[in-house]
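Let's take a walk through a protein model together, starting from the whole chain and ending at single side chains. Have the viewer open as you read.

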Amino acid sequence: MTATTGPADSAERPQALTIAQLAELAGVSTATVSKVVNGKSTVAPETRMLVEDLIRRHGYRRQKKRASAAPLIDLVFHELEGEYPMEIIKGVERVAQEHRLAVVLSELQGRHVPGRGWIEDVLSRRPTGVIAVFSGPTQTQRAQLATRDIPLVLVDPTGDPGHQVPSVGAGNWSGGLSATRHLLDLGHRRIAIITGPAHALSGRARLDGHRAALDAAGVPIHPELIAEGDFNIDDGLEHARRLLALPDPPTAIFASNDAQAVGVYQAAGEAGLRIPRDLSVVGFDDLPMARWLVPSLTTIRQPLAEMAAEAATMLISLAQGEPLPRKRLELSTDLVVRRSTAPPR
């Protein structure tokens, strides 16, 4: 009996194209298409854009299965500085070792979006997957990874990752709420905050939690007590100097990460203030240094190593073709009270 093709079959999406078919459509050699597919840099930009556009529109069908992926995880940071990256690396390494995978580190020199050189390197390595920390590939780069079946997971994304890209974050809003509530419970009413950069989703969420705590307590929000920082020691120092020089200075400062809190300690020392007698300070992250500051830092614990381990586990599941139970995972944050906070004088 001969099977017939119905109307529904003719409406199916065309099958993804092979390298030879892509080459024919683009009017270039199969070697050129192969170079684009594998991230080689020796292709003219116009030709590369043409081939990438064809891959996005039609899809790319490999002649071999993805078993040829290299046994490594590409871990990309916007910068490798301080203790934050080390906690992430520890978490990824723990899972990678269990699965006999190596970890390759990339740094974007402070940028939050990788350049073309980065994506070319990744495509040529053909890793098991990519984990981007406090950064994220462009839509075009995400499409390039997707068409090569290279899974991507974001950790602490700077913006809304959307529904297509899996991500792992922390309870930033609840952390900001807890930090400010702690200071309010101690009796503080002039509470300043040094935020993260405006483009960072985590920083905005911590600020929103801070505002929610003040609003719930009936404490006015004073614009002069909000300083936009960049999650580093220098801006913590600079903004704390300004805040402490106000005619009516704050009695407490909530720094949106532990690095900024270090800057606040320095500014307090310069102003002849003692922590917590004259100024209470709360940080965010609970990096190892928080325990060794003098006095030890009250902070919000963000489980960075656990976040990284979860991201690596998600990545490996995707690489093995397993569906994820959920694409957006948020781990809880906790207030860790130490010796940098006390009632105001």
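The mean pLDDT of the protein chain is 88, with 90% of the residues reaching 70 or more. Residues 1–13 fall below 50 in pLDDT, and beyond near neighbours in sequence this stretch has two contacts in the model. Where pLDDT is low, the predicted coordinates should not be read in detail.

Now for the overall make-up. The protein chain has 345 residues, and 52% of them count as buried. Its secondary structure comes to twelve helices and twelve strands. If you take the contacts between residues at least 6 apart in sequence, 73% of them join residues at least 24 apart.

Six strands form an open sheet in the order 2-1-3-4-5-11, and their pairing is parallel. At the edges you will find strand 2 (102–107) and strand 11 (328–331), each of which pairs on one side only. From one strand to the next, the twist averages 20°. Strands of a sheet pair through backbone hydrogen bonds, either parallel or antiparallel.

Two of these pairings deserve a look at the residue level. Strand 1 and strand 2 are joined in the parallel sense by six bridges, and Phe77 has Glu107 in strand 2 as its bridge partner. Between strand 1 and strand 2 the chain passes through helix 5, and this β-α-β crossover is right-handed. Strand 3 (residues 127–133) and strand 4 (residues 152–155) also pair in the parallel sense, over four bridges. Here Ile131 stands opposite Val153 in strand 4.

Next, the helices. Helix 5 (residues 84–98) lies across strand 1 (70–77), strand 2, strand 3 and strand 4, and it runs at about 165° to strand 1. Helix 6 (residues 116–125) has the buried residues Trp118, Ile119, Glu120, Val122 and Leu123. Just after helix 6 comes Arg126, which takes a positive phi of about 50°.

Let's turn to charged side chains. How many salt bridges does a search of the whole structure find? The search finds nine. Side chains of opposite charge can pair when their charged atoms come close. Lys90 and Glu87 are three residues apart in helix 5, so about one helical turn separates them.

Another pair spans the chain. Arg345 forms a salt bridge with Asp278, with 2.7 Å between the closest N and O atoms. This pair links distant parts of the chain: Arg345 sits in the segment after strand 12 (334–336), while Asp278 is in the loop between helix 11 (258–270) and strand 9 (280–285), 67 residues apart. With a relative accessibility of 73%, Arg345 counts as exposed.

Glu306 and Arg301 make a further salt bridge, the closest N and O atoms being 3.0 Å apart. Glu306 is partly exposed at 34% relative accessibility, and Arg301 is partly exposed too, with a relative accessible area of 30%. Elsewhere, salt bridges link Arg190, Glu224 and Asp248 in a network.

We finish in the loop between strand 9 and strand 10 (298–301), where Ser296 has its place. Ser296 is buried, since its relative accessible area is 13%. Which residues does Ser296 touch, not counting those up to four places away in sequence? They are Tyr265, Ala290, Arg291, Arg338, Arg339 and Ser340. Arg291 lies in the loop between strand 9 and strand 10, but Arg291 is partly exposed, with a relative accessible area of 45%. Leaving out residues up to four places away in sequence, Arg291 touches Ser296 and Arg338. Arg291 and Arg338 are 47 residues apart in sequence, yet their C-alpha atoms are 8.2 Å apart in space.

Conventions. Residues numbered from 1 in each chain as written. Predicted model: local features only at pLDDT ≥ 70, side-chain atom pairs only at ≥ 80, totals over all residues. Heavy atoms only, no water. Pairing = 2+ DSSP bridges. Helix = DSSP H or I, 4+ residues; strand = E, 2+ residues; numbered from the N terminus. Axes fitted to C-alpha atoms, helices over the stretch in contact; angles between N-to-C directions. Contact = heavy atoms within 4.5 Å. Right-handed = clockwise from strand over helix to strand, strands pointing away. pLDDT = per-residue confidence, 0-100. Salt bridge = Lys/Arg side-chain N within 4 Å of Asp/Glu carboxyl O. Buried < 20%, exposed > 50% of the residue type's maximum accessible area, 1.4 Å probe, protein only.
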